[in-house]
Amino acid sequence: MPSTMKNFIQIFSLVLFLLSAIQGKGQINESNEEAESNHKSDKYFMPSVSFSIINYTDFATSPLAYIGVGANGGIGWLWDTGRRENFLDIDFIAGITAANAPISDYFQTYTSATMMGLNIYDHYLFQVFEPVLPEIVDVKIGGAIHSTTYFRLNESLNNNGNGIESIFNLMFSAKSTFDISRNKPFTLDFFLFKKTFKPVKRDISLQFNAGLLNLNYRPGYAYNSDAEINGSETNILEYILDSHSWSINGCRFVTKIEYARFRPSGNGYKWAYVWDVAVVPGKFETFQIATHKLQYTIIINCH
């Protein structure tokens, strides 16, 4: 096994151990606090759909910048005690992008690429500044794990048409939530008719994540591989990933703005704008991507 892979496994195991220990301690403390204060934990199931704008450049295959659109589908689970918040989300994206390149007599500029991606995200946040903030403001900080794998195909690039990369980030996360609920009903008189607005629970939240430990699984100098082909004994995935290796470099930032509205039953919905940008140098050639996502989520109260 390559030394780089061994180093990644060791780092990944250490990260998981530390996060498990922290979360386990948090859950024990949370259980004790809930037993003392009889505090109720909110649990939600949150399926979502999204529309995305995708913009990326992969210098390992060509100096082409791609821009296009995609659709997302995801499922998530939220556990919130007020003092602590744990959110797990699995999201799949599929899209079509076009090469954004100047007209040239030496290479084909009007090409397109298909893209698919899988996101696995989990954060664990703790409430801070509670005594000094107004009741309508809630601030939480903590950590997050964000793993993304992209698969891209541009048939015009022939042997270099396939692009596969995995990005793994251990991130710092901060979230501020503002309660904008309507607590009392009121009526507006429009002369011809009257409109009564009932009480409703709603909030707006802002979240920012920044990568602290950034790992990526990227190809070598060129995508063309000289791996051995031995009939049926050759594993196609191992052949495609023959030149790939793990690196610790790059950066990633995620910003999310959400508006949530709840019914008296605890069910509801939310709209969100998510901006996700990553720069992944790898060993030789850089891959960089930015996505803008408009997301609609159904909030299902699991109590």
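Reader: Let's start with Arg152: buried or exposed?

Author: Arg152 is buried, at a relative accessible area of 4%. Buried means under 20% relative accessible area, exposed over 50%, and partly exposed in between (1.4 Å probe, protein chains only). This is a predicted model, where local features need pLDDT of at least 70, side-chain atom pairs count only at pLDDT 80 or more, and totals for chains, interfaces and linings use all residues. Residues are numbered from 1 along each chain as its sequence is written, and side-chain values use heavy atoms, with hydrogens and water left out.

Reader: OK, what does Arg152 form a salt bridge with?

Author: With Asp58, and the closest N and O atoms are 2.7 Å apart. A salt bridge here is a side-chain nitrogen of Lys or Arg within 4 Å of a carboxyl oxygen of Asp or Glu. The pair links distant parts of the chain, as Arg152 is in strand S6 and Asp58 in strand S2 (residues 48-58), 94 residues apart. Strands (E, at least two residues) are DSSP runs, numbered from the N terminus.

Reader: And Asp58, is that buried or exposed?

Author: Asp58 is buried, at 1% relative accessibility.

Reader: What does Arg218 pair with?

Author: Arg218 forms a salt bridge with Glu165, with 2.8 Å between the closest N and O atoms. Arg218 lies in strand S10 (residues 201-218) and Glu165 in strand S7, so the pair ties together parts that are 53 residues apart in sequence. Both Arg218 and Glu165 are buried. Salt bridges with shared partners join Asp58, Arg152, Glu165 and Arg218 into one network.

Reader: How many salt bridges does the structure hold?

Author: There are 10. Another one of them joins Glu130 and Arg83, whose closest N and O atoms are 3.1 Å apart. Glu130 is partly exposed at 42% relative accessibility, and Arg83 is partly exposed at 45%.

Reader: Switching topic: which residues line the second largest cavity?

Author: Among them are Tyr56, Arg152, Asn154 and Gly163. A cavity is a set of points on a 1 Å grid over the protein atoms alone where a 1.4 Å probe fits but cannot get out, and lining residues have an atom within 4 Å of a point. Strand S6 (137-153) and strand S7 (162-179) each supply at least two residues of that lining.

Reader: What's the volume of the second largest cavity?

Author: About 60 Å³. A volume is the space filled by probe spheres set on the points, with grid points joined across faces, edges and corners. The largest cavity has about 400 Å³ of space.

Note on methods:
1 Å grid on protein atoms, 1.4 Å probe; cavity = no way out; pocket = protein on both sides within 12 Å on 5 of 7 lines; lining within 4 Å. Helix = DSSP H or I, 4+ residues; strand = E, 2+ residues; numbered from the N terminus.
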